[in-house]
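Trainee: I've got a new model open and would like to talk it through with you. Can we go over how its pieces pack together?

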Amino acid sequence: MDTYDVIIIGAGPAGLTSALYLKRANKKVLILEAKNYGGQIINANKIENYPGIEEISGFTFATNLYNQVKKLGAEIKYETVIRVEADKTVITNNNKYQAKAIIIATGSENEKLHLPNEEKYMGKGISYCATCDGNFYKDKVVIVNGGGNTALEDTLYLANIASKVYLIHRRDTFRGDIKYLDEIKKYQNIEVILNSSITAIKGQDKLEKVTIKDIFGNEKDIITDGLFIAIGQEPHNEIFKNIVDLNEKGYIISVDEVHTKTAGIYVAGDTREKDLRQLTTAVSDGSIAATIAIKEMKGND
Ligand code: NAP
């Protein structure tokens with residue numbers, strides 16, 4: 001069985017930052033990633049709130065960080081973790097590994113509306129990533145659903161590609177930043193529909209229309225080519241239930257920032273229960289988890 005000082009689960013900003021700190025401390029590190037490096041940030045069109053960097057694309061940021069970590073000699077394997085034992089054994093779909101410490105940095109995934117046809121029309125009109133799929137909707141009609149920064153950013157991004165963008169939000173106030181709302185007001189081809197939820201997704205072989213229902217119970221159909229769902233994220237931590245505590249939303253509960261209830265198993269980034277999920281807090285968690293792991297490994301050696 002291959003052994004490491006630290007195994008990091010997840011190659012998003014938190015996990016990669018942990019790897020950066022661990023490699024600089026000369027530790028043997030394995031990063032296990034089920035999908036692609038970069039996590040959610042790789043899909044961000046523009047990052048404008050990372051201190052010291054005025055503007056950068058999510059893809060460039062993630063790729064720079066990934067290359068920085070690779071250059072330092074961190075090993076990255078694209079395998080899906082199936083189980084982690086309290087003794088720091090990690091079982092994946094391909095292998096079994098042993099570590100002295102583990103950092104869980106699995107982030108979160110796009111939340112679904114959980115409506116019939118949602119899964120069926122994924123890639124056939126339904127998307128969770130405007131920067132990935134927006135170009136397929138040149139001069140077409142699209143809907144963005146949500147009221148956070150992702151939805152507002154997606155709306156602006158798509159308004160420069162599509163002929164018309166409906167922004168549908170379930171309340172009358174937005175969570176997203178005012179600067180995006182001010183920008184949205186400048187676009188003739190954006191129509192904002194408030195106090196309304198999507199209740200049905202309809203079509204024959206692909207998405208053709210959605211039904212929306214307002215808070216007074218009025219329903220109507222909107223004909224559309226695309227639906228971009230931007231209603232937040234959900235974590236997937238069920239496989240770690242034997243070693244960590246989860247809150248009611250499935251986020252990992254931490255003690256003293258990044259400790260879990262199991263000694264030597266740490267949590268970093270969006271998958272941790274916390275108030276603010278941002279790039280800055282993800283890299284903060286990653287660096288803290290790595291630094292504490294190094295300190296506590298030393299104590300145990
Ligand atoms: P978010 O801030 O959690 O917003 C999710 C939105 O979706 C909320 O407006 C919520 O409505 C709505 N929603 C949730 N469940 C829904 C449902 N079942 N049906 C309809 N609407 C639903 O998520 P996010 O926009 O993905 O942002 C996540 C984090 O990343 C935030 O901290 C955000 O600031 C950050 N972010 C930053 C940037 C940037 O700085 N450039 C870009 C993107 C995201 P309610 O408001 O009614 O709850």
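Trainee: Let's start with helix α1 and helix α2: at roughly what angle do their axes cross?

Mentor: Keep in mind that this is a predicted model. The helices here are α1, residues 13-24, and α2, residues 58-71. Their axes come within 9 Å of each other, and the crossing angle is roughly 30 degrees.

Trainee: Are α1 and α2 then roughly parallel or roughly antiparallel to each other?

Mentor: Angles under 35 degrees count as roughly parallel. The axes of α1 and α2 cross at roughly 30 degrees, and the crossing is left-handed. The two helices are therefore roughly parallel.

Trainee: Staying with α2, is G58 buried or exposed?

Mentor: G58 lies in helix α2. Beyond its neighbours within four places in sequence, G58 is in contact with I41, I42, A44, N45 and I47. Its relative accessible area is 0%, and buried means under 20%. So G58 is buried.

Trainee: Now helix α4. Which elements do its buried residues pack against?

Mentor: Helix α4 covers residues 149-159, and its buried residues are A151, L152, D154, T155, L156, L158 and A159. Helices and strands both turn up among the partners of those buried residues: α3, β9, β10, α5, β11 and β15.

Trainee: Take α5 from that group: what is the handedness of the crossing of α4 and α5?

Mentor: The axes of α4 and α5 come within 10 Å and cross at roughly 30 degrees. That makes α4 roughly parallel to α5. As for the handedness, the crossing of α4 and α5 is left-handed.

Trainee: And how many charged residues does the contact of α4 with α5 have?

Mentor: On the α4 side are N149, L152, E153, T155 and L156, which meet Y180, L181, E183 and I184 in α5. By class, the contact of α4 with α5 has 5 nonpolar and 2 polar residues, and the charged ones number 2.

Trainee: On to the open sheet of 5 strands: which strands stand at its edges?

Mentor: The strand order is β8-β15-β9-β10-β11, and the pairing is parallel. The strands at the edges each have a single partner strand, so one side of each is left without a neighbour in the sheet; these are β8 and β11.

Trainee: What is the bridge partner of I143 in β10?

Mentor: Look at β9, residues 141-145, and β10, residues 164-168. These strands pair in the parallel sense over 5 bridges. In β10, the bridge partner of I143 is Y166.

Trainee: In the hairpin of β13 and β14, which residue takes a positive phi?

Mentor: Strand β14 spans residues 219-223, runs antiparallel to β13 and is joined to it by 5 bridges. I212 stands opposite K220 in β14. The hairpin has 4 residues between the strands, and the positive phi, near 95 degrees, belongs to G217.

Trainee: Over to the loops: is N26 buried or exposed?

Mentor: N26 is found in the loop between α1 and β2. Most residues other than glycine have a negative phi, but the phi of N26 is positive, near 70 degrees. With a relative accessible area of 68%, N26 is exposed.

Trainee: What about H114, what is its relative accessible area?

Mentor: H114 sits in the loop between β7 and β8. Its phi is positive, about 60 degrees, although it is not a glycine. H114 is exposed, with a relative accessible area of 58%.

Trainee: Last one: is V258 buried or exposed?

Mentor: V258 lies in the loop between β16 and β17. Leaving aside neighbours within four places in sequence, V258 is in contact with I265, Y266, V267, D285, I288, A289 and I292. Its relative accessible area is 0%, so V258 is buried.

Terms used: Residues numbered from 1 in each chain as written. Predicted model: local features only at pLDDT ≥ 70, side-chain atom pairs only at ≥ 80, totals over all residues. Heavy atoms only, no water. Pairing = 2+ DSSP bridges. Axes fitted to C-alpha atoms, helices over the stretch in contact; angles between N-to-C directions. Parallel < 35°, antiparallel > 145°, perpendicular 65-115°, else oblique. Left-handed = near helix turned anticlockwise from the far one by under 90°. Buried < 20%, exposed > 50% of the residue type's maximum accessible area, 1.4 Å probe, protein only. Contact = heavy atoms within 4.5 Å. Nonpolar A, V, L, I, M, F, W, Y, C, P; charged D, E, K, R; others polar.
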